[in-house]
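Please walk me through this structure in the viewer, one selection at a time.

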Amino acid sequence: MLKKRIIICLDVKDGRTTKGVKFQNNKDIGDPVEMAAEYYRQGVDELVFYDIMASASGRGPILGLIARVASQVFIPFCVGGGIGTLEDIRSTILAGAEKVSLNSQAVKNPDLIKQGARIFGNQCIVLGMDAAKDDSMPSGYRIYTNGGRIKTELDAREWAQKAVSLGAGEIVLNSIDTDGVRQGYELTLTRMISESVDVPVIASGGAGVTQHLADAFTKGKADAALIATMVHSGGYTVGQIKKELDADGIPVRL
Amino acid sequence: MTGIVDYNAGNIRSVEHALDAIGVPFVLSKKTGELQNCDRLIFPGVGDASYAMQQLKLTGFDSFLKDWAAAGRPLIGICLGSQIIFDHSEEGDVTCLGLIKGNIRHFADVWKENGINADGTLKVPHMGWNDIAYENGGSPLLDGVPEHSNFYFVHSYVIQPDDGNVVKAYADYGIQVPAVVECGSIAAFQFHPEKSGTYGMQILRNYCKADLSKGDASC
C-alpha cells in the first residue's frame, strides 16, 4: 500500500536554514545539510529545499548545497527557488535532486512546466503554489508569487489544473494564511485542489501537532504533508509523528 | 568494477553518491569503450522513454547494451532504466532495448482494462513509498531486505512482462506493480534503490558483490 508521506521543508537563505511566520520575520535556525542528515536518520520520507531569496534577487539554484545533501541523504528531495530555465532544471537534477519545484517562474513562464516535463518527465516537475483566501476569485483563493510578495490574477484551482495539463507531476500547496502559525493546514483549500487534479497534492503551511497532519490526509485528501516548524523547533521528531499517525490508522513508512 | 551508464537522462549523481556511501568503486561514463571492461553495469534514468531511447541511440549505448545482455553480463536498470530494457513503451510509442520480453504501459490503461480506479482515487504518477511483496522465490539481490520493506517509487508507466515468472517482487497500487524483475543476468528495479534509505543501499550492496550467473536469459 502506498504510504502517506511526511516531507520536511527547509527554507534556505544565504546557505542557512531559516523560518518565518506568514512568510515574514525569518530567523536563522541551522545548517541545512546537518539538519537534512538528522531528519533522514529520523526517518523522514522526503525533503524540500526552498531558496527563499532566489526569486527576489534572481539567484540560480543552490547547486553546492544540493550536492552536499545528496552525498549524505538517500531519500528523494526537491529543490525550489530561482529555477527559471531548462538549464537550471538540468543542473539541479544532475547535482542529485530528484525533483524541482517551479513557483514564481512557472507563473511567469508556464511553458517551462511543459518543456521541463517533456525532457525530464512529469514526476520531476513539481508546481509550488502559494495561495491565500480571496473571495473575489472563482475558487475563493488567489495565487501569489515571489514568496507571497506579488499578487497575481490567477485563481488557485484554475492555475493548479492548468499546470497539471502542462505536465506538473505533483503540487506543493502552500497556504499563506496558515504558514508557520501552527493552527493546522488550510483544509478547505487542500481538499479543493486535491479533488481538482489527478496528481499528488502536498499540503503545506500550518502544521503544529500530529492531528493536523492526520486531518490533511483524511479531511484534506492530501497525499503528503509538509512540515517545518513542528520539527525545527516544535519539539517533535519524525518518528514520534509517524508513530502517532500509525496509531490513528494512517498508512506511514515506519 | 561497477560501471554507471551516463546517457544524459538524469539521476546519475544520486547513484554515484549511493555507491560512494557504501564504498563501491565505480566508473561513470558516456563512452561505451570506458564501460566495456566493467564486471557489472547500472543503468539509471529518469524522464521520458522516447527521449531516453533517442539519447541511447545518439551515444551508441543501444547496441552496446544489447550486446552486453546477449553476452550474459550483469546489468540492473533503475526506474526508467528498468522500463526501457523491455521491448516497447507506450510513453512516446517507442521501441525499446528488448533485453526482457514485455511492454511498458500507462497505469490508466492497465487499470481501465482491469476495471480498477473507476472513481479516480488512485493518482498518477505512483509516487512515494510503497512496500513490496516477494514473488517466485524473491531474489538474492533482496538478501537482508525484509519482505514488505518500503521503497521509493516515481512512475506513470508500469512494466507488463510477457512472462510473470520474471517478477521477483510486486508493489500494490490498484494492480500488482512489478517492482523487481530478474531474468538471467539482467534485473530491473522500478523503484529507486539509491533513494530508498537503508534497504535501498542494501540492494546496491548485494548487486555490487553478487556474481549474477549467466542463467537462462530466454525470458
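**A helix pair in chain A**

In chain A, start by selecting helix α7 (residues 156–166) and helix α8 (residues 187–196), which pack at an angle of about 35 degrees with their axes 10 Å apart. The coordinates come from a predicted model. Viewed as a pair, α7(A) and α8(A) have a right-handed crossing. To see the contact itself, show A156(A), R157(A), A160(A) and Q161(A) on the α7(A) side. On the α8(A) side, show L189(A), M192(A), I193(A) and S196(A). Coloured by class, the residues of this contact are five nonpolar, two polar and one charged.

**The nonpolar core**

Next, select L47(A), I171(A), I202(A) and A225(A). Within the largest nonpolar core, which has 158 residues, these four touch the most other members. Centre on I202(A) and leave aside residues up to four places away in sequence: I202(A) then touches I7(A), the run E170(A), I171(A), V172(A) and L173(A), and the run A222(A), D223(A), A224(A), A225(A) and L226(A).

**The side of chain B that touches chain A**

Now bring in chain B, where 34 residues are in contact with 30 residues of chain A. Select α1 (12–21), β8 (126–134), β9 (150–155), β11 (167–173) and α7 (197–209) of chain B; each supplies at least two residues of the side that touches chain A. Which element gives the largest share of that side? It is α1(B), with seven residues. Finally, colour this side of chain B by class: 13 residues are nonpolar, 13 polar and eight charged.

Conventions. Residues numbered from 1 in each chain as written. Chains lettered and ligands numbered in written order. Predicted model: local features only at pLDDT ≥ 70, side-chain atom pairs only at ≥ 80, totals over all residues. Core = buried A, V, L, I, M, F, W, Y, C linked by C-beta atoms within 7 Å. Buried ≥ 20, exposed ≤ 12 C-beta atoms within 10 Å, placed from the backbone. Contact = placed C-beta atoms within 7 Å. Axes fitted to C-alpha atoms, helices over the stretch in contact; angles between N-to-C directions. Helix = DSSP H or I, 4+ residues; strand = E, 2+ residues; numbered from the N terminus. Left-handed = near helix turned anticlockwise from the far one by under 90°. Nonpolar A, V, L, I, M, F, W, Y, C, P; charged D, E, K, R; others polar.
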